[in-house]
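Colleague: I'd like to learn how to read salt bridges in a structure like this one. Could you walk me through it?

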Amino acid sequence: MFAAVCLFSFLVNFGRVAFAPLVDPFMDIFGVGPGAAGLVATAVWVGSGLTRIPTGWLLTRIDRHEAIIGMGVFLAGAAAFTALAPTITIVALGALFIGLASGVFYVAANPLVSELYPERMGWAVGIRGTAAQLAAAAAPIVIAAVLASSLVGWRDAFWALAALAALAVIVLVITARRAAMPTAGAADRDLLGAVRAEWRLVLTGIALLGTTGFVWQGLFNFYITYLTEVKGLPEASASALLTVVFAAGVPAFFLSGRFADRFPQVPYILTVLTTFLTVTFGLTVVTGFWSLTAVSVLLGYVIHSSFPAIDTYLLSTLPDENRASAYAAFSGTMMLMQAPGSAVFGALADAGVGYTAIIRGAVFALAAVTATIALCHRAGWLPTGE
């Protein structure tokens, strides 16, 4: 069951991340500006946020694996719809549908894997995230390969995603019939009651990841554009560095999940976020391919370390009777906060603001949020995760 969930984790994240390396090609293919292209990338993340809270309610009525199976069927259809899209508007709609599927998956899958391994939640969340990050690392390579090929095009990547999602549904259905499923969430039947009971923890998670994700969304969706237009790298080199960013996240998910099991969780999270701010500011300062490569490695490692750390903090602190519902409230609100990141970056670029100024402004704003959270922790106002 765990392996089947990790397979879906790979496919879902491939569908979400595949739009980032397509931002520049979409400008040429459909004749649009960065604002419209950025809106496509935003749509997939908006969709990922919209279904999370409804999924939390759904999980008070059906089992986690049943929600994942239904999501897989919808993902296959959404990928096929995107492959057929004739205009940038329809592509954005297809991205929204893929995002909707991903929102269902993450809300159902993360509580499920934490309950499959209750004594090693960080490890389980980290492994699940590693599978997703392998997809994120592969997506720029696959998209670059299909764009360079004379035999296939960008649409074929989504046709392949549709076929693999359908196959994964079959695998999960067969597996679920043979597995002994956990019953830890059997008492989780009141979404609003769970949110009321755990509101401090939900708000803490939103503040930690909602703002950080907003900056990350804008940064990685325009990473290639920034490296080519501002840093002067060839497009092939810039695409390779985006791959480096995602590849660095593969060990980050695995290691950070283990660290989250072992270290005091809130100080560890704050350390990761402070490092992310420092490295992101460094991106605006350094020049040259090898310096940018080093920054890309560090950037990819620290940002992807934050995701399993925050998930482990929440899932290990939430009690069984509230876990999925409260996690859904956090996850849905957090995702809707971060989704507009790429659209805002694109709109500011359309308005004539330089990419360096946009990135530095985002860093300073996030630094203020991180400092506020650190002060709240020092004052003892945050749940400790202990």
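Colleague: Does D320 count as buried, exposed or partly exposed?

Modeller: Buried means under 20% relative accessible area, exposed over 50%, and partly exposed in between (1.4 Å probe, protein chains only). D320 counts as partly exposed, at 34% relative accessibility. A word on the source: this is a predicted model, where local features need pLDDT of at least 70, side-chain atom pairs count only at pLDDT 80 or more, and totals for chains, interfaces and linings use all residues. Residues are numbered from 1 along each chain as its sequence is written, and side-chain values use heavy atoms, with hydrogens and water left out.

Colleague: And how many salt bridges does a search of the whole structure find?

Modeller: A salt bridge is a side-chain nitrogen of Lys or Arg within 4 Å of a carboxyl oxygen of Asp or Glu. Searching the whole structure turns up three. In one of them, E115 pairs with R64 at 2.8 Å, N to O. E115 sits in helix α6 (residues 88-116) and R64 in helix α5 (residues 64-83), so this pair ties together parts 51 residues apart in sequence. Helices here are DSSP runs of H or I, at least four residues, numbered from the N terminus.

Colleague: Which side chain does R323 meet at 3.3 Å?

Modeller: That's E115, again in a salt bridge. This pair links distant parts of the chain, 208 residues apart, with R323 in helix α15 (residues 323-338) and E115 in helix α6. R323 is buried at 3% relative accessible area, and E115 is buried at 8%.

Colleague: Where does D320 come in, then?

Modeller: D320 forms a salt bridge with R323, with the closest N and O atoms 2.8 Å apart. Through shared partners, salt bridges join R64, E115, D320 and R323 into one network.

Notes
Helix = DSSP H or I, 4+ residues; strand = E, 2+ residues; numbered from the N terminus.
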